[in-house]
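Colleague: I have a chain open that I'd like to talk through with you. Could you take me from the overall picture down to single residues?

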Amino acid sequence: MATTLDEATIARDANRRIRRSANIAGWTFASPSVIIVLGLSFIPMIWAAYLSLTNSNLVSPGHFIGFANYAALAKDPLLRQAFTNTLLLAVLYLPVGLVAGLGVAILLNQKIKLIGFYRTCFLVPFVASAAAEGLLFAFIFDSDFGIINAGLQAVGLPRQGFLQNPSQALAVLAIVYFWTQFGFNIVIYLAALQDVPQEVLEAAAIDGARKWARFWHVTLPTVRPVTIFLLVWGLIDVFQLFDLVYTTTRGGPLNSTLTLVYYIYQLAFNFFTAGYGAAVAYVLFFTSLIAIVGALAFGRRRRVTL
């Protein structure tokens with residue numbers, strides 16, 4: 001009996017040493033990433049939180065002013081404009097991007113010739129540099145020398161201002177943004193469609209279910225978790241939109257394409273009000289957090305209901 005207990009104790013000690021060694025090895029490999037995350041995420045967040053409580057201009061030491069920057073947010077018309085523009089971009093892009101992404105993914109999920117080439121064509125805009133695409137579309141939609149206006153003039157239609165027109169610029173920016181991000185939705189949906197159980201689809205077809213019924217009751221519930229992921233990803237990406245704005249409109253004309261991140265950039269590096277810019281950044285952070293939590297809660301409730 002004593003021998004059995006000794007063997008059990010030795011086995012537990014051996015397992016404990018193995019787990020400890022595995023934990024040490026795991027943290028050793030993960031430590032560079034942990035250091036990078038701490039150095040580039042959490043530490044700057046803490047510093048920005050302190051910065052938002054000062055009147056710093058990033059040149060001279062700022063003075064602690066408490067929550068004065070946050071109190072000034074409610075009286076800032078540019079902040080309201082940037083917030084409205086960002087929400088409008090989300091409303092313009094997300095529904096169309098999700099529906100069109102799923103539709104194209106279904107088409108690309110077929111066994112046809114050159115299907116790999118077609119898939120690559122839709123992915124290229126996403127992997128290309130957003131700054132380069134912004135410069136390209138700034139030329140395409142140029143009011144004087146743009147290709148689109150040249151085509152309109154060739155068929156006898158009036159030239160348009162596009163990115164130079166305050167009433168059109170945000171819609172055109174949404175189109176450009178859709179072009180740059182569309183491929184990501186397609187790839188994720190295409191991967192999700194590979195997991196749709198074919199035997200269930202075949203059984204539904206044998207039972208007489210039409211294509212729309214099979215899509216609604218089999219395919220759509222299967223890809224619903226992916227849809228929630230893309231919704232959350234899209235919200236984060238829209239709220240962080242900067243490069244396309246910088247290379248196309250610089251927030252103009254008349255602040256019609258001013259987004260939250262570009263406004264933060266202006267506050268910190270153009271107007272030298274970094275403390276106030278940090279306060280706006282924290283408003284953006286909490287707004288994004290609320291939107292993401294809301295999207296996840298909606299997805300969970302829909303999953304339970306259905």
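Colleague: Among contacts in the chain between residues at least 6 apart in sequence, what percentage join residues at least 24 apart?

Modeller: Please keep in mind that this is a predicted model. Counting contacts between residues at least 6 apart in sequence, 64% join residues that are at least 24 apart.

Colleague: And what is the secondary structure of the chain?

Modeller: The chain has twelve helices and zero strands, so that, read from the N terminus, the elements run α-α-α-α-α-α-α-α-α-α-α-α. The radius of gyration is 26 Å, well over the 19 Å that the globule rule gives for 306 residues, and the chain is therefore more spread out than a compact globule.

Colleague: What does the C-alpha trace span along its principal axes?

Modeller: The spans of the C-alpha trace are about 95 × 70 × 35 Å along the principal axes of the chain.

Colleague: OK, single residues now. Where does Asn 15 lie, and how far is Asn 15 from Phe 117?

Modeller: Asn 15 belongs to helix α1, which covers residues 2-51, and Asn 15 counts as partly exposed because its relative accessibility is 42%. Between Asn 15 and Phe 117, which are 102 residues apart along the chain, the C-alpha separation is 51 Å.

Colleague: There's another asparagine I wanted to check, Asn 85. Is Asn 85 buried or exposed?

Modeller: Asn 85, which is found in helix α3 (residues 77-107), is buried, since its relative accessible area is 3%.

Colleague: What does the side chain of Asn 85 reach, and which residues is Asn 85 in contact with?

Modeller: The Asn 85 side chain reaches the backbone oxygen of Leu 258 at 3.0 Å. Leaving aside neighbours within four places in sequence, the residues in contact with Asn 85 are Leu 170, Asn 255, Ser 256, Thr 257 and Leu 258.

Colleague: Let me move to backbone geometry. Which peptide bond is cis from Gly 252 onwards, and where is the proline found?

Modeller: The bond from Gly 252 to Pro 253 is cis, and its omega is near -10°. Pro 253 is found in the loop between α10 (243-248) and α11 (260-270).

Colleague: What about Arg 250, where does that residue lie and what is its phi?

Modeller: Arg 250 also lies in the loop between α10 and α11, and its phi is positive, at about 55°, although Arg 250 is not a glycine. With a relative accessible area of 46%, Arg 250 is partly exposed.

Colleague: And Phe 162, what is its phi and is the residue buried or exposed?

Modeller: Phi of Phe 162 is near 50°, which is a positive value in a residue other than glycine, and Phe 162 has its place in the loop between α6 (147-154) and α7 (169-193). At 12% relative accessibility, Phe 162 counts as buried.

Colleague: Next, Phe 137. Where does Phe 137 lie, and which residues is Phe 137 in contact with?

Modeller: Phe 137 lies in helix α5, residues 130-140, and counts as buried because its relative accessibility is 13%, under the 20% cut-off. Apart from neighbours within four places in sequence, Phe 137 is in contact with Leu 163, Val 176 and Trp 179. For Phe 137 and Leu 163, 26 residues apart in sequence, the C-alpha to C-alpha distance is 9.5 Å.

Colleague: Last one from me, which residues does Thr 287 touch?

Modeller: Thr 287, in helix α12 (residues 274-305), touches Phe 83 and Phe 239 when residues up to four places away in sequence are not counted. Thr 287 is buried, with a relative accessible area of 18%.

Note on methods: Residues are numbered from 1 along each chain as its sequence is written. This is a predicted model: local features need pLDDT of at least 70, side-chain atom pairs count only at pLDDT 80 or more; totals for chains, interfaces and linings use all residues. Side-chain values use heavy atoms; hydrogens and water are left out. Helices (H or I, at least four residues) and strands (E, at least two) are DSSP runs, numbered from the N terminus. The radius of gyration is taken over C-alpha atoms; the globule rule is 2.2 Å times the number of residues to the power 0.38. Contact means heavy atoms within 4.5 Å. Buried means under 20% relative accessible area, exposed over 50%, partly exposed in between (1.4 Å probe, protein chains only). A polar contact is a pair of N or O atoms within 3.5 Å; within protein, one must be able to donate a hydrogen and the other to accept it, and residues adjacent in sequence count only if both atoms are side-chain atoms.
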